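Hello,

Here is the structure I promised to hand over. Please look at it first, then read my notes below.

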Amino acid sequence: MSFIYKQALLPSNKYSIKAPYTMVPQYITVHNTANDAPAANEISYMIENNNQVSYHVAVDDKEVIQAIPFNRSAWHCGDGGGDKDPSALKKGNRLSIGIEICYSKSGGIRYGVAEENAVQYIVQLLKQYGWGIERVKKHQDWNGKYCPHRILSENRWNSFLNRIKKAMELNESEQQIVEDDNKMKFTSSTAKGAVRDYIQQAVSKGLIDKSWLEKFDNGTMTSGDFEGLKIIIAQRSA
């Protein structure tokens, strides 16, 4: 599944209406638009009107469009958030990134693709922030509203979360494969021994730290590591 990521940012002169508070995001909140318009239309309408309704991102079958920076709040959870008393601070609007999935009214295949794009984009955000699946919330969690309506009406919230978890695991596996492919490999024990001796001599001469030898021995040294190490050794031997 692939999508085009775009930004169509809310003008800062509308922050007072649409994104009034600074924010350090702690959650992701999932919504359905209950409409059949593409992401570009949803974002354009949200930006142009003067209603206190807003969200950070809209996702359709082709695009992921961000309208509000993630360091600004948005009015998407219906749980207030203007309280001056920190103990009364509502988390949905003030601490979560709002994601609207388009075509949820009667979008058919387009909705299915949009939802999968949302899954993949949420995986990217979770990886970006170093979060786990527990950070993904539905609109209903904050104020009880029946949203994301399509996912809830089809009784698929748990399966939606499971799809995100599986996509995260696949993403991590693919990353591990890339990392493994970059690790140093030898077709003969003679070559491997020669490289080890080279590193050992540099350690003995005090040119590099012994942790480099340990890295080689435990098999985590990459080809890039070794190329850089050769340059360091050459410079310190001059």
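Start with strand 4. Both of its faces are covered: Glu63 and Ile65 on one side, and Val64 and Gln66 on the other, are all buried. Buried means under 20% relative accessible area, exposed means over 50%, and partly exposed is in between (1.4 Å probe, protein chains only). In a regular strand the side chains alternate between the two faces of the sheet. Helices (H or I, at least four residues) and strands (E, at least two) are DSSP runs, numbered from the N terminus.

Two notes on the source. This is a predicted model: local features need pLDDT of at least 70, side-chain atom pairs count only at pLDDT 80 or more, and totals for chains, interfaces and linings use all residues. Residues are numbered from 1 along each chain as its sequence is written, and side-chain values use heavy atoms, with hydrogens and water left out.

**The sheet**

In what order do the strands of the open sheet stand? The order is 1-4-3-5-2-6, with 6 strands and mixed pairing. Two strands pair if DSSP finds at least two bridges between them. Strand 1 (4-7) and strand 6 (136-138) are at the edges; each has a single partner strand, so one side of each is left without a neighbour in the sheet. On average, neighbouring strands of this sheet are turned by 25 degrees against each other, direction ignored. Such angles run from 0 to 180 degrees between N-to-C directions, and axes are lines fitted to C-alpha atoms, for helices over the stretch in contact.

Strands of a sheet pair through backbone hydrogen bonds, either parallel or antiparallel. Strand 4 takes part in both kinds here. It runs parallel to strand 1, and 4 bridges join the two. In that pair, Ile4 stands opposite Glu63. Strand 3 (residues 57-59) pairs with strand 4 (residues 63-66) in the antiparallel sense, over 3 bridges. There, Ala58 stands opposite Ile65. A hairpin of 3 residues joins strand 3 to strand 4.

**Helices across the sheet**

Helix 2 (residues 39-48) lies across strand 3 and strand 4, at about 15 degrees to strand 4. Helix 4 (residues 109-129) lies across strand 1, strand 2 (27-32), strand 3, strand 4, strand 5 (96-101) and strand 6. Helix 4 runs at about 160 degrees to strand 5.

Asn117 lies in helix 4. Is Asn117 buried or exposed? At 0% relative accessibility, Asn117 counts as buried. A polar atom of the Asn117 side chain lies 3.3 Å from the backbone oxygen of Asp61.

**His139**

His139 is found in helix 5 (residues 139-143). Its relative accessible area is 5%, so His139 is buried. The side chain of His139 makes a polar contact with the side chain of Asn143 (3.3 Å). A polar contact is a pair of N or O atoms within 3.5 Å; within protein, one must be able to donate a hydrogen and the other to accept it, and residues adjacent in sequence count only if both atoms are side-chain atoms. Leaving aside neighbours within four places in sequence, the residues in contact with His139 include Thr29, His31, His76 and Cys147. Contact means heavy atoms within 4.5 Å.

**A helix pair**

The axes of helix 8 (residues 189-204) and helix 10 (residues 223-237) come within 11 Å and cross at roughly 40 degrees. Helix 8 and helix 10 are therefore oblique to each other. Angles under 35 degrees count as roughly parallel, over 145 as roughly antiparallel, 65 to 115 as roughly perpendicular and the rest as oblique. Val195, Tyr198, Ile199 and Ala202 of helix 8 make the contact with Phe226, Leu229, Lys230 and Ile233 of helix 10.

**Backbone exceptions**

Most residues other than glycine have a negative phi, and most peptide bonds are trans. Which peptide bond is cis? The bond from Cys147 to Pro148 is cis, with omega near 5 degrees. Pro148 is in the loop between helix 5 and helix 6 (149-153).

Ala34 is not a glycine, yet has a positive phi of about 55 degrees. Ala34 sits in the loop between strand 2 and helix 2. With a relative accessible area of 46%, Ala34 is partly exposed. Asn155 also has a positive phi, near 55 degrees. Asn155 is in the loop between helix 6 and helix 7 (157-181). Asn155 is exposed, with a relative accessible area of 70%.

Best wishes
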